[in-house]
Amino acid sequence: MGGDEVSLRHRTFTRVRAVLAGALVLGVGASVTLASWSDSEYAAGTFTASTFRLESSTQAADWRDSTSATDASLTVNATGLSPGASAYSWLNIRTTPASTVGGTIVLTSSTPVGDLSDALEYRAVMKTSTSSCDATAFSGAPTYIAGSSAYLPVTAVEAPAVATPIAAAGSSPLRYCFDIRIKAGTDNSFQGKSATVTWLFTGTSN
């Protein structure tokens, strides 16, 4: 075996070892990538909607869910109205005992029907549920939800509406006291005529 042949075999063996060494390094690198750890975390919740329902009472009826005007008829202590003479009546509103949230109440409409409609005017204040509803309710500086010292025609409501807070679970009912009268100076042609006025209150939960 000549010297040149020995040298060639030695270089070939060195390259083979280098290739094997490189393959070994690559193999080690691939093994590290596949050995990573993993983990997960979960979160879950049960969601229940709140409850917000209103009910009302008048002098003529106990607490009820009044879904029509006839459910909450106001009792007006007057056998006959004359121009400029006030008559008073109240309406209580609260959330039902099952209500889990409070909210706000606004007077959203006033709708008269009848021949006396054009001659009627009103104003209303918010009081505590056992307050008297008469002329004294409008003395001092009450919280008006309609009108003020001046009256509104029964075809109108305040704009923007006056929102009053109402508590959850039927606590702290609100009393709305109405002062209704025939406008002073109303023409004699309205004598003996009548009208029915429907007020609609709307509640919005918090």
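**Close-up views of a predicted model**

**Figure 1. Burial within the chain.** Of the 206 residues in the chain, 31% are buried. The structure shown is a predicted model. The accessible surface of the chain amounts to about 12800 Å², and carbon and sulfur atoms contribute 56% of this surface.

**Figure 2. Secondary structure along the chain.** The chain contains one helix and ten strands. Their order along the sequence is α-β-β-β-β-β-β-β-β-β-β. Among the contacts in the chain with a separation of 6 or more, 78% are made by residues 24 or more positions apart.

**Figure 3. The disulfide between cysteine 133 and cysteine 177.** The count of disulfides comes to one. This disulfide links cysteine 133 with cysteine 177, with an S to S distance of 2.0 Å. The link is right-handed, with 90° about the S-S bond. Cysteine 133 is found in the loop between strand 5 (120–128) and strand 6 (143–146), whereas cysteine 177 belongs to strand 9 (residues 174–182); the pair therefore ties together parts that lie 44 residues apart in sequence.

Note on methods
Residues are numbered from 1 along each chain as its sequence is written. This is a predicted model: local features need pLDDT of at least 70, side-chain atom pairs count only at pLDDT 80 or more; totals for chains, interfaces and linings use all residues. Side-chain values use heavy atoms; hydrogens and water are left out. A disulfide is a pair of cysteine sulfur atoms within 2.5 Å. Helices (H or I, at least four residues) and strands (E, at least two) are DSSP runs, numbered from the N terminus. Buried means under 20% relative accessible area, exposed over 50%, partly exposed in between (1.4 Å probe, protein chains only). Contact means heavy atoms within 4.5 Å. Accessible areas come from the Shrake-Rupley method with a 1.4 Å probe; for residues, only the protein chains shown count as cover.
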